[in-house]
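Me: I would like to go through this model with you, one question at a time. Please show it first.

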Amino acid sequence: MDILAVDDEELALEMLVDTIKEVKPLAEVFSFKKYSEALEFAKNNHCDIAFLDIEMRGKDGIALAKELKEINSKTNIIFVTGYSEYAFEAFSVAASGYVLKPVTTDAVETTLENLRYAVKAKSSHQLFIQCFGNFEVFSEGKILTFSRTKSKELLAYLVNRRGTWCSVREIAATLWEDKQDSETLQGHLRILVADLIKTLEAVGADEILLKKRGMLALQTDCFSCDFYSFIKGELDAINSYTGEYMSQYSWAEFVNAYLDKSN
(Lines give C-alpha, C1' and ligand atoms only; values in the text may rest on other atoms or scores of the structure.)
Protein backbone atom coordinates (compact mmCIF):
# COMPACT_ATOMS: atom_id res chain seq x y z
CA MET A 1 0.00 0.00 0.00
CA ASP A 2 1.55 3.31 -1.15
CA ILE A 3 0.31 6.41 0.67
CA LEU A 4 0.93 10.09 -0.06
CA ALA A 5 0.72 12.57 2.85
CA VAL A 6 0.72 16.32 2.15
CA ASP A 7 0.57 19.18 4.67
CA ASP A 8 2.54 22.44 4.58
CA GLU A 9 2.83 22.53 8.37
CA GLU A 10 5.77 20.39 9.46
CA LEU A 11 4.42 19.36 12.88
CA ALA A 12 0.99 18.51 11.47
CA LEU A 13 2.64 16.45 8.70
CA GLU A 14 4.76 14.53 11.19
CA MET A 15 1.70 13.75 13.31
CA LEU A 16 -0.23 12.63 10.23
CA VAL A 17 2.55 10.33 9.05
CA ASP A 18 3.03 8.84 12.54
CA THR A 19 -0.71 8.13 12.80
CA ILE A 20 -0.88 6.49 9.37
CA LYS A 21 2.11 4.30 10.21
CA GLU A 22 0.54 3.28 13.50
CA VAL A 23 -2.57 2.11 11.65
CA LYS A 24 -0.72 0.68 8.62
CA PRO A 25 2.83 -0.16 9.77
CA LEU A 26 3.68 -2.01 6.54
CA ALA A 27 2.51 0.76 4.20
CA GLU A 28 4.94 2.96 2.27
CA VAL A 29 4.23 6.56 3.32
CA PHE A 30 5.68 9.43 1.26
CA SER A 31 5.34 12.87 2.87
CA PHE A 32 5.60 16.33 1.33
CA LYS A 33 5.19 19.88 2.55
CA LYS A 34 5.08 21.39 -0.94
CA TYR A 35 2.18 20.99 -3.38
CA SER A 36 4.53 20.94 -6.38
CA GLU A 37 6.79 18.23 -4.96
CA ALA A 38 3.83 16.00 -4.10
CA LEU A 39 2.40 16.42 -7.59
CA GLU A 40 5.73 15.67 -9.25
CA PHE A 41 6.11 12.53 -7.13
CA ALA A 42 2.61 11.34 -8.09
CA LYS A 43 3.41 11.78 -11.78
CA ASN A 44 6.26 9.29 -11.50
CA ASN A 45 5.06 6.93 -8.78
CA HIS A 46 1.92 4.92 -8.05
CA CYS A 47 -0.19 6.14 -5.11
CA ASP A 48 -3.09 4.14 -3.69
CA ILE A 49 -4.13 6.77 -1.17
CA ALA A 50 -3.46 10.49 -0.68
CA PHE A 51 -4.00 12.27 2.65
CA LEU A 52 -4.23 15.96 1.76
CA ASP A 53 -4.46 18.99 4.00
CA ILE A 54 -7.09 21.29 2.49
CA GLU A 55 -5.74 24.66 3.65
CA MET A 56 -2.22 25.07 2.25
CA ARG A 57 -0.40 28.18 1.10
CA GLY A 58 -0.83 28.77 -2.61
CA LYS A 59 -2.94 26.02 -4.18
CA ASP A 60 -5.12 24.15 -1.68
CA GLY A 61 -5.71 20.43 -1.19
CA ILE A 62 -8.87 20.45 -3.30
CA ALA A 63 -6.89 21.65 -6.31
CA LEU A 64 -4.17 19.07 -5.65
CA ALA A 65 -6.81 16.33 -5.42
CA LYS A 66 -8.16 17.25 -8.84
CA GLU A 67 -4.69 17.04 -10.35
CA LEU A 68 -3.99 13.71 -8.66
CA LYS A 69 -7.26 12.38 -10.06
CA GLU A 70 -6.15 13.40 -13.56
CA ILE A 71 -3.00 11.32 -13.06
CA ASN A 72 -4.84 8.33 -11.57
CA SER A 73 -8.61 8.40 -11.27
CA LYS A 74 -8.52 5.48 -8.79
CA THR A 75 -6.42 7.30 -6.19
CA ASN A 76 -8.28 7.37 -2.87
CA ILE A 77 -8.35 10.99 -1.70
CA ILE A 78 -8.67 11.61 2.03
CA PHE A 79 -8.86 15.24 3.11
CA VAL A 80 -7.39 16.34 6.42
CA THR A 81 -8.41 19.68 7.90
CA GLY A 82 -9.44 21.51 11.03
CA TYR A 83 -12.53 22.95 9.39
CA SER A 84 -15.67 20.86 8.85
CA GLU A 85 -17.23 23.36 6.43
CA TYR A 86 -15.08 21.96 3.61
CA ALA A 87 -16.88 18.61 3.68
CA PHE A 88 -19.23 19.30 0.77
CA GLU A 89 -16.48 20.64 -1.47
CA ALA A 90 -14.26 17.70 -0.54
CA PHE A 91 -16.80 15.12 -1.61
CA SER A 92 -17.45 16.98 -4.84
CA VAL A 93 -14.13 15.57 -6.09
CA ALA A 94 -15.13 11.98 -5.18
CA ALA A 95 -13.09 11.85 -2.00
CA SER A 96 -12.80 8.59 -0.11
CA GLY A 97 -12.85 10.26 3.28
CA TYR A 98 -12.63 13.36 5.40
CA VAL A 99 -10.60 13.47 8.64
CA LEU A 100 -10.72 16.35 11.08
CA LYS A 101 -7.64 17.58 12.92
CA PRO A 102 -6.23 16.64 15.33
CA VAL A 103 -5.90 13.35 13.46
CA THR A 104 -6.53 10.21 15.51
CA THR A 105 -5.76 6.55 14.83
CA ASP A 106 -9.46 5.69 15.11
CA ALA A 107 -10.40 8.25 12.44
CA VAL A 108 -7.64 7.12 10.07
CA GLU A 109 -8.42 3.43 10.62
CA THR A 110 -12.15 3.94 9.99
CA THR A 111 -11.45 5.91 6.81
CA LEU A 112 -9.01 3.32 5.46
CA GLU A 113 -11.55 0.57 6.07
CA ASN A 114 -14.09 2.38 3.87
CA LEU A 115 -12.12 3.42 0.80
CA ARG A 116 -13.94 4.27 -2.41
CA TYR A 117 -11.47 2.25 -4.51
CA ALA A 118 -10.06 -1.10 -3.36
CA VAL A 119 -6.31 -1.19 -2.89
CA LYS A 120 -4.75 -4.14 -4.65
CA ALA A 121 -2.21 -5.92 -2.47
CA LYS A 122 1.32 -6.20 -3.78
CA SER A 123 1.81 -9.60 -5.25
CA SER A 124 3.65 -12.24 -3.26
CA HIS A 125 2.30 -15.23 -5.12
CA GLN A 126 5.82 -16.59 -5.36
CA LEU A 127 4.98 -17.62 -1.78
CA PHE A 128 3.18 -20.96 -1.50
CA ILE A 129 1.94 -22.16 1.88
CA GLN A 130 1.41 -25.87 2.38
CA CYS A 131 -1.04 -26.89 5.11
CA PHE A 132 -1.72 -30.48 4.12
CA GLY A 133 0.70 -32.86 5.84
CA ASN A 134 3.25 -30.78 7.70
CA PHE A 135 2.98 -27.00 7.58
CA GLU A 136 5.65 -25.60 5.23
CA VAL A 137 6.27 -22.32 3.44
CA PHE A 138 7.86 -22.20 -0.01
CA SER A 139 9.39 -19.13 -1.61
CA GLU A 140 9.96 -19.53 -5.33
CA GLY A 141 9.85 -23.30 -4.88
CA LYS A 142 12.33 -23.47 -1.97
CA ILE A 143 11.40 -24.20 1.64
CA LEU A 144 11.56 -21.07 3.76
CA THR A 145 13.75 -21.49 6.85
CA PHE A 146 12.59 -19.96 10.14
CA SER A 147 15.14 -19.14 12.84
CA ARG A 148 12.54 -19.87 15.53
CA THR A 149 10.08 -22.76 15.42
CA LYS A 150 7.49 -20.64 17.25
CA SER A 151 7.72 -17.96 14.54
CA LYS A 152 6.75 -20.60 12.02
CA GLU A 153 3.91 -21.76 14.27
CA LEU A 154 2.72 -18.14 14.61
CA LEU A 155 2.47 -17.89 10.82
CA ALA A 156 0.71 -21.26 10.69
CA TYR A 157 -1.92 -20.10 13.17
CA LEU A 158 -2.57 -16.91 11.21
CA VAL A 159 -2.89 -18.93 7.99
CA ASN A 160 -5.33 -21.21 9.80
CA ARG A 161 -7.45 -18.17 10.73
CA ARG A 162 -7.75 -17.18 7.03
CA GLY A 163 -7.37 -13.40 7.31
CA THR A 164 -9.36 -12.96 10.52
CA TRP A 165 -7.92 -10.44 12.98
CA CYS A 166 -6.51 -12.31 16.00
CA SER A 167 -5.73 -10.73 19.36
CA VAL A 168 -2.26 -11.20 20.80
CA ARG A 169 -3.84 -12.84 23.87
CA GLU A 170 -5.62 -15.39 21.67
CA ILE A 171 -2.40 -16.16 19.82
CA ALA A 172 -0.39 -16.50 23.03
CA ALA A 173 -3.00 -18.83 24.52
CA THR A 174 -2.76 -21.04 21.41
CA LEU A 175 1.02 -21.09 21.04
CA TRP A 176 1.64 -21.64 24.76
CA GLU A 177 -1.33 -23.76 25.80
CA ASP A 178 0.23 -24.77 29.13
CA LYS A 179 1.15 -21.26 30.31
CA GLN A 180 -0.92 -18.44 31.77
CA ASP A 181 -0.91 -15.07 30.04
CA SER A 182 1.71 -12.72 31.46
CA GLU A 183 3.85 -9.75 30.47
CA THR A 184 6.74 -12.18 29.92
CA LEU A 185 4.64 -14.24 27.53
CA GLN A 186 3.54 -11.13 25.63
CA GLY A 187 7.20 -10.13 25.40
CA HIS A 188 8.02 -13.51 23.84
CA LEU A 189 5.23 -12.99 21.32
CA ARG A 190 6.55 -9.55 20.35
CA ILE A 191 9.94 -11.16 19.67
CA LEU A 192 8.25 -13.78 17.49
CA VAL A 193 6.38 -11.13 15.50
CA ALA A 194 9.62 -9.21 14.86
CA ASP A 195 11.36 -12.44 13.87
CA LEU A 196 8.52 -13.41 11.52
CA ILE A 197 8.61 -10.00 9.84
CA LYS A 198 12.38 -10.33 9.36
CA THR A 199 11.96 -13.80 7.82
CA LEU A 200 9.25 -12.61 5.43
CA GLU A 201 11.20 -9.46 4.52
CA ALA A 202 14.11 -11.65 3.42
CA VAL A 203 11.93 -13.06 0.61
CA GLY A 204 10.03 -9.82 -0.14
CA ALA A 205 6.79 -11.05 1.41
CA ASP A 206 6.49 -8.95 4.57
CA GLU A 207 3.34 -7.24 3.26
CA ILE A 208 1.31 -10.38 3.96
CA LEU A 209 1.41 -9.66 7.70
CA LEU A 210 -1.03 -7.04 8.97
CA LYS A 211 -0.74 -5.36 12.36
CA LYS A 212 -2.88 -3.03 14.39
CA ARG A 213 -3.21 -2.33 18.11
CA GLY A 214 -2.93 -5.71 19.81
CA MET A 215 -4.06 -7.60 16.69
CA LEU A 216 -2.49 -9.58 13.84
CA ALA A 217 -3.86 -10.92 10.55
CA LEU A 218 -2.73 -11.97 7.08
CA GLN A 219 -3.50 -10.57 3.63
CA THR A 220 -4.71 -13.86 2.21
CA ASP A 221 -4.71 -12.67 -1.40
CA CYS A 222 -0.93 -12.18 -1.27
CA PHE A 223 0.03 -15.85 -1.31
CA SER A 224 -1.25 -19.18 -2.58
CA CYS A 225 -2.23 -21.96 -0.20
CA ASP A 226 -3.49 -25.54 -0.63
CA PHE A 227 -5.95 -25.15 2.27
CA TYR A 228 -7.51 -22.04 0.73
CA SER A 229 -7.71 -23.72 -2.67
CA PHE A 230 -9.44 -26.71 -1.01
CA ILE A 231 -12.07 -24.39 0.47
CA LYS A 232 -12.64 -22.86 -2.98
CA GLY A 233 -13.33 -26.36 -4.32
CA GLU A 234 -10.28 -26.58 -6.58
CA LEU A 235 -9.84 -30.22 -7.64
CA ASP A 236 -6.03 -30.37 -7.35
CA ALA A 237 -6.17 -29.15 -3.75
CA ILE A 238 -8.99 -31.54 -2.86
CA ASN A 239 -6.98 -34.46 -4.26
CA SER A 240 -3.85 -33.35 -2.38
CA TYR A 241 -5.56 -33.68 1.01
CA THR A 242 -4.82 -37.15 2.45
CA GLY A 243 -6.14 -36.74 5.98
CA GLU A 244 -3.42 -34.57 7.51
CA TYR A 245 -3.55 -30.83 8.17
CA MET A 246 -0.66 -28.96 9.82
CA SER A 247 0.15 -32.26 11.50
CA GLN A 248 2.88 -30.85 13.78
CA TYR A 249 0.40 -28.59 15.64
CA SER A 250 -2.12 -29.99 18.11
CA TRP A 251 -4.41 -26.95 17.85
CA ALA A 252 -4.95 -27.77 14.13
CA GLU A 253 -6.76 -31.05 14.91
CA PHE A 254 -10.17 -29.37 14.94
CA VAL A 255 -9.75 -28.12 11.38
CA ASN A 256 -8.44 -31.50 10.30
CA ALA A 257 -11.62 -33.12 11.64
CA TYR A 258 -13.68 -30.60 9.63
CA LEU A 259 -11.72 -31.36 6.45
CA ASP A 260 -12.22 -35.10 6.95
CA LYS A 261 -15.99 -34.59 7.05
CA SER A 262 -15.92 -32.27 4.03
CA ASN A 263 -13.80 -34.53 1.86
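Me: Which handedness does the crossing of α6 and α7 have?
Reply: In this predicted model, as in what follows, local features need pLDDT of at least 70 and side-chain atom pairs count only at pLDDT 80 or more, while totals for chains, interfaces and linings use all residues. Residues are numbered from 1 along each chain as its sequence is written, and side-chain values use heavy atoms, with hydrogens and water left out. A crossing is called left-handed if the near helix is turned anticlockwise from the far one by less than a right angle, and right-handed if clockwise. By that convention, the crossing of α6 and α7 is right-handed.

Me: Are α6 and α7 parallel, antiparallel, perpendicular or oblique to each other?
Reply: Helices (H or I, at least four residues) and strands (E, at least two) are DSSP runs numbered from the N terminus, and axes are lines fitted to C-alpha atoms, for helices over the stretch in contact, with angles running from 0 to 180 degrees between N-to-C directions. Helix α6 (residues 149–160) packs against helix α7 (residues 168–175) at about 120 degrees, with the axes 11 Å apart. Angles under 35 degrees count as roughly parallel, over 145 as roughly antiparallel, 65 to 115 as roughly perpendicular and the rest as oblique. The two helices, α6 and α7, are therefore oblique.

Me: Is N256 buried or exposed?
Reply: N256 lies in helix α11 (residues 253–262), and beyond its neighbours within four places in sequence it is in contact with Y241, G243, E244 and Y245. Buried means under 20% relative accessible area, exposed over 50%, and partly exposed in between (1.4 Å probe, protein chains only). Because its relative accessibility is 16%, N256 counts as buried.

Conventions
Contact means heavy atoms within 4.5 Å.
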